[in-house]
Amino acid sequence: MKTSFSRRNVLKSGLAAMGGIALAPHLSLGAFSHSSFPLDSENRLYYSPLMREYMLDERPNVPAMIARLNANENPYGPPESARKAVAESVSGGNRYSWKELATLVDMLAKKEGVTKEHIMMGPGSSDLLEKVAIVLFAKGGNIVSADPTYMSLIRVAEAVGATWKAIPCKSDWTHDLKAMEAAIDSNTKMVYICNPNNPVGSIMAANELMDFCSRVSAKVPIFIDEAYLELAEGDTASMVSLLAQKKNVIIARTFSKIMGMAGLRVGYAVAQPEFLSKIEKITRGGMGICHTSVLGAIASLQDKEFQAMTKRLNTQCKNYLYQELSSLGYSYIPSYTNFVIFPIKMEGKTFLSKMASKGVMVRSFDILNKPYCRVSIGTMAEMEYFVTSLKELA
C-alpha cells in the first residue's frame with residue numbers, strides 16, 4: 001500500500017513554534033560539530049518547515065544492537081576486494097597518496113564520461129555539498145529546494161547567510177519542479193535537488209528532470225545529489241550527461257551506498273571545471289581522504305560483482321518489507337533507495353523507545369503532524385527482525 005500527502009494541509013498544519021535548543025547526536029559531526037539545533041514545543045528536532053524529527057532523551061540501555069537500521073548504510077560492505085586493499089595499504093600510510101588519488105580520479109572520469117578536470121574528490125559527498133554551500137552563499141542569497149529533502153547543503157548555506165525557499169513535494173512525494181522554477185528570483189544562487197530524495201525515497205522521471213536541469217541551469221547552478229541513484233531500479237538516468245552540453249550542473253556521488261564504504265569516507269562531485277575552481281579556493285578536495293580509503297575506493301570501483309549483489313539484495317529485502325508492511329496495514333512511500341519511510345500508529349518518540357528496547361535503531365519523523373518511521377534496508381535477517389519487532393508493537 002502506497003502513501004501520499006495533501007499539499008492543502010501545508011498552510012493548515014499548525015506546526016509548533018520553535019522553542020528549546022539541543023544538539024542532535026546524528027548531526028554532531030562535520031560542519032555541524034559546534035552547532036545547536038532548535039526543538040519545537042514537543043521536543044522534536046526542527047528538520048524543515050514540513051518535518052520534525054523525534055529524538056530519544058538519552059541513549060537506550062539495551063544489551064546489544066541487533067538491527068542498526070537508522071543510517072542508510074550498506075550492510076554488506078566494504079567488499080572483500082576493498083578490505084584487502086585497505087589492509088595492504090596501511091604500511092603506506094606514512095606517505096601522501098597523490099599518485100593513487102590521481103589514478104582514482106582518472107577512473108571516475110572514465111566512468112562518468114568527462115575529463116579529470118570535471119572531477120573533485122572529497123571525504124564523502126556531504127563534505128562537498130557543504131563546501132559548495134560555503135562558497136556560494138558566503139555573501140547571502142537564497143537556495144531553492146524541495147521539502148522534505150536532505151538538509152546538509154541547506155543547513156550550511158543558512159549558517160553562512162542564505163535563506164531557504166522550501167517548496168513542498170507533490171502529492172506523490174516527487175519534486176514540484178514547476179513551483180521550484182517559479183520560486184527562482186534575482187537572489188537565487190542555487191537550486192538543490194536530491195534524486196532519489198532522502199528522507200522520502202522518491203525519484204524524478206529522468207526526462208522531466210533532464211529538461212528542467214537543461215533549461216534552468218541557464219539561470220542558476222543546479223546541484224543534483226545522486227547519492228542513492230545507483231541503487232535505484234527502473235528507468236533512471238544521471239544528470240552528468242548535461243556537462244557535455246556545457247550546462248551549469250553539479251552532480252554529487254558517493255562510495256557510501258552501493259560501494260559499502262560509508263565509514264571510509266569517499267565521495268566526489270562532477271561539474272564544469274570553472275565551477276570547481278571556485279570551490280578549490282577554499283579546499284584541496286582529495287586532501288581530506290586518507291591513503292587507505294583511496295586504495296579501498298579504487299578496489300570498490302572495479303568490483304562490479306559486489307555492486308550488482310548489493311543492488312539485487314537491497315531490492316529483494318525492500319520488496320519483502322513492502323509485502324510485510326502491506327499485510328500489517330501500513331502504507332509506505334515507494335522507495336528508490338536503501339530505506340523506506342511509512343506512517344506509524346503511535347507517537348514517534350514512543351516508537352523509537354520501544355524499537356530501541358528490542359535492539360532496533362531506526363529514525364522517526366513528523367510530517368504534517370503525522371508520525372513516520374524511516375527504516376534502512378539491512379540484511380534479510382535484519383529486516384525479518386524489524387518486522388517481528390513491529391508486529392510486537394501492535
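This note goes through the model point by point, from confidence and overall make-up to single residues.

1. Basis. The model is predicted; local features need pLDDT of at least 70, side-chain atom pairs count only at pLDDT 80 or more, and totals for chains, interfaces and linings use all residues. Residues are numbered from 1 along each chain as its sequence is written, and side-chain values use heavy atoms, with hydrogens and water left out.

2. Confidence. pLDDT is the predictor's confidence in each residue, from 0 to 100. The protein has a mean pLDDT of 90. Of its residues, 88% reach 70 or more. Residues 5-36 need care in reading: pLDDT stays under 50 there. For that stretch the model has 67 contacts beyond four places in sequence; a contact means heavy atoms within 4.5 Å.

3. Overall make-up. The protein has eleven helices and 16 strands. These are DSSP runs, numbered from the N terminus: helices are H or I with at least four residues, strands are E with at least two. Of the 394 residues, 57% count as buried. Buried means under 20% relative accessible area, exposed over 50%, and partly exposed in between (1.4 Å probe, protein chains only). Among contacts with a separation of 6 or more, 72% come from residues 24 or more positions apart.

4. The seven-stranded sheet. This sheet is open, with mixed pairing and the order β6-β12-β11-β10-β9-β7-β8. Strands pair if DSSP finds at least two bridges between them. At the edges stand β6 (119-122) and β8 (163-168); each has a single partner strand, so one side of each is left without a neighbour in the sheet. From one strand to the next, the twist averages 20 degrees.

5. Inside the sheet. Strand β7 (residues 142-147) runs parallel to β8, and six bridges join them. Ala146 has Ile167 in β8 as its bridge partner. Helix α6 (residues 206-216) packs on the sheet and touches β9 (188-194), β10 (222-225) and β11 (249-254). The direction of α6 makes about 150 degrees with that of β10. Axes are lines fitted to C-alpha atoms, for helices over the stretch in contact, and angles run from 0 to 180 degrees between N-to-C directions.

6. Aromatic pairs. Rings of Phe, Tyr and Trp (its six-membered ring) pair if their centres lie within 6.5 Å; planes under 30 degrees apart count as stacked, over 60 as edge-to-face and the rest as tilted. By this rule there are eight aromatic pairs. Tyr192 and Phe223 form a tilted one, 6.0 Å centre to centre with 50 degrees between the planes. Tyr192 lies in β9 and Phe223 in β10, so the pair ties together parts 31 residues apart in sequence. Tyr192 is buried at 0% relative accessibility, and Phe223 is buried with a relative accessible area of 0%.

7. A second pair. Tyr228 sits in the loop between β10 and β11, Phe339 in strand β13 (residues 339-343), 111 residues apart. Tyr228 is buried at 4% relative accessibility; Phe339 is buried at 0%. Tyr330, Phe342 and Phe386 form one aromatic cluster.

8. Asn72. This residue lies in the loop between β5 (67-68) and α1 (80-89). Asn72 is buried, at 2% relative accessible area. Residues that Asn72 touches include Tyr228 and Phe339, and also Asn198 and Lys257. Its side chain makes a polar contact of 3.5 Å with that of Arg374. A polar contact is a pair of N or O atoms within 3.5 Å; within protein, one must be able to donate a hydrogen and the other to accept it, and residues adjacent in sequence count only if both atoms are side-chain atoms.
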